Every structure is written in C-alpha cells, then in structure tokens.
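Thank you all for making the time this morning. I would like to walk through one structure with you, slowly, and take two places in it one after the other.

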Amino acid sequence: MRVALLSLAVLSMAALTGPAEATTAPRKSLVELREQGGFAGLDDRVRVYTDGCALLSRRTGPAVRRCLTASEWRGLRGALKNLRLGRSEAPPQGADFLAYGLAYQGRRVTRYTVPPSWRPVVDRLEKILVKYRPR
C-alpha cells in the first residue's frame, strides 16, 4: 500500500511539473547565421544546437524546429573547424546590402562581404534553411 501511495505521489508531481521541465536541459547553441537587409527586408535565421537540431525562422511565419541529417551534421562540424570569425565590418554606404551575422563560440560578428573561411559554413546553413524552409 505504501509503495502504491509513493508511486501515486511521484506521478502526480511529474504531472504538475510537466515532462519537459523534469527531463530536459536547456539547449546550447553551436552556431547561428542571421541574414538581414536588402530592399525586401530579409531577416532569416538558422540556429544549430549542439544536439544537431536547428531552429529556423524568417521575417514572416512561424519558427520551425528540425534535426539535421547525419551528413549535414558532419559537414557543418567539419566546416566550423576552419571558421575564422575575424571582426565585424562597418555598414557600407548606400542601400540594399545584406548583413551576415555569425555567432560561434560566444562571439557574434557581422559582415557585409562573406570571407573565404565563412563561405563553407554560410553555404551549409543556407542550404539547411532552404531545405527545411519555414513557411
């Protein structure tokens, strides 16, 4: 009888706290790409977490969560090994420029031209955004 009461108490506590709170830790971000600007007002974001899943969002529409395939995950981690963030660039004169923001290893850098070490990472993240496009 005591075992049944104890089990009932544990189950009711789990129901009150919810399974997500009881079993999951906060996700840790691995890398994030944000593309903003242009005449159309682009605002796309891809954040990949250390568990291999991503949060994708656009200026309009809901955010979408998807997990990368094993191949996408391996390719992205390989590309990140050669990433050199460098320094942010000042906004260029004029209009219709795209800003590329990368956040990685606690740093956030914004560029208006994509440096060579960024290209493999940006290309992979853009492909993920297109493949799992939030609509």
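**The disulfide and a glutamate**

Let me begin with the sulfur atoms: taking a disulfide to be a pair of cysteine sulfur atoms within 2.5 Å, the count here comes to one disulfide. Please keep in mind, as we go, that this is a predicted model. The partners are cysteine 53 and cysteine 67, whose sulfur atoms lie 1.9 Å apart. As for where they sit, cysteine 53 belongs to strand 3, which covers residues 53–57, while cysteine 67 belongs to strand 4, residues 64–67, so that the pair, 14 residues apart, links distant parts of the chain.

Which hand does this disulfide have? The torsion about the S-S bond of cysteine 53 and cysteine 67 is about 75 degrees, and therefore the disulfide is right-handed.

Cysteine 53 has a relative accessible area of 8% and is buried, whereas cysteine 67, with a relative accessible area of 47%, is partly exposed.

Is glutamate 72 buried or exposed? Its relative accessibility is 17%, and because buried means under 20%, glutamate 72 counts as buried.

What does the side chain of glutamate 72 reach? It comes to 2.8 Å from the backbone nitrogen of threonine 69. If we set aside the neighbours within four places in sequence, glutamate 72 is also in contact with Lys131 and Tyr132.

Terms used:
Residues numbered from 1 in each chain as written. Predicted model: local features only at pLDDT ≥ 70, side-chain atom pairs only at ≥ 80, totals over all residues. Heavy atoms only, no water. Helix = DSSP H or I, 4+ residues; strand = E, 2+ residues; numbered from the N terminus. Buried < 20%, exposed > 50% of the residue type's maximum accessible area, 1.4 Å probe, protein only. Polar contact = N/O pair within 3.5 Å; in protein donor to acceptor, adjacent residues only side chain to side chain. Contact = heavy atoms within 4.5 Å.
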